[in-house]
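Student: I have a model open and want a quick tour. Can we start with what is tucked away inside?

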Amino acid sequence: MHKKHSNLLLKTAAIFGMIGAGIGGHMAGSYDYAFRAAHAHILVVGWLSLFSWAVYYRVFKPVSKKLATAHVYTAIIGTIGLTSGMIMDIFSVPQPFYFIVYIGGGVTLLVSFILFALLAFMKHED
Ligand code: HEM
Ligand code: HEM
């Protein structure tokens, strides 16, 4: 179960890493920093945080499997929503739609961090 979570987080982090670094290269080459916030979050949340959690599920085995599953999926969905929302903002996607994705993603990501904090203070297998 935890191995499956770890592998999913690892692959998602790798994809975010490629996209984020690619956007960084584009910004550096074009001197256009419109993507700065999206680039930063794709990398610090999508790459660094998801990768950290991939390692967490290898090192620690939280006893609560349901909470772990909720944490993993809110992390991935939240990161996709938040960063897609930041990109939609640049392309002026119509307000109601982008607001739902952006705010929905941000709130989901926040929930994921709260679930992780709960897991951190709960029991782990020896
Ligand atoms: C291919 C490699 C990368 C390139 C070419 C690149 C390029 C850039 C550029 C051009 C900016 C905008 C700087 C500015 O506003 O003056 C930026 C900002 C930023 N980058 Fe990257 N980046 C790369 C990799 C990374 C990685 C690996 C991370 C984190 C894991 C990262 C995190 C950030 C953050 C947090 C900002 C925002 C900094 C701020 O607003 O002060 N970048 N990057
Ligand atoms: C909970 C969801 C989050 C929301 C809604 C959010 C939103 C924002 C916003 C609106 C900015 C300002 C961007 C700008 O200057 O245009 C920002 C900056 C930043 N956030 Fe977040 N953030 C979230 C989570 C995170 C997390 C989890 C991290 C780190 C792991 C993070 C790291 C950063 C960094 C490094 C900057 C500065 C980058 C820049 O100058 O563009 N954020 N965030």
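Student: Which residues of α2 are buried?

Tutor: Ala-38, His-39, Ile-42, Leu-43, Val-45, Gly-46, Ser-49, Leu-50, Trp-53, Ala-54, Tyr-56 and Tyr-57. Buried means under 20% relative accessible area, exposed over 50%, partly exposed in between (1.4 Å probe, protein chains only). Helices are DSSP runs (H or I, at least four residues), numbered from the N terminus. This is a predicted model: local features need pLDDT of at least 70, side-chain atom pairs count only at pLDDT 80 or more, and totals for chains, interfaces and linings use all residues. Residues are numbered from 1 along each chain as its sequence is written, chains are lettered from A and ligands numbered from 1 in the order written, and side-chain values use heavy atoms, without hydrogens and water.

Student: What covers those α2 residues?

Tutor: The cover includes α1, α3 and α4.

Student: Which residues touch the most others in the largest nonpolar core?

Tutor: Leu-9, Leu-50, Trp-53 and Tyr-57, out of 24 residues. The largest share, 8 residues, comes from α2. Such a core joins buried Ala, Val, Leu, Ile, Met, Phe, Trp, Tyr and Cys through side-chain atoms within 4.5 Å.

Student: Is His-71 buried or exposed?

Tutor: His-71 is buried, because its relative accessible area is 0%. His-71 sits in α3. Beyond four places in sequence, its contacts (heavy atoms within 4.5 Å) include Trp-53, Tyr-57 and Phe-116.

Student: New topic: what protein donor does the iron atom of ligand 2 have?

Tutor: Only His-41, through NE2 at 2.0 Å. Donors are N, O and S atoms within 2.8 Å of the metal (3.2 Å for Na, K and Ca); water is not among the atoms, so sites may look incomplete. His-41 lies in α2, residues 36-59.

Technical notes. Helices (H or I, at least four residues) and strands (E, at least two) are DSSP runs, numbered from the N terminus.
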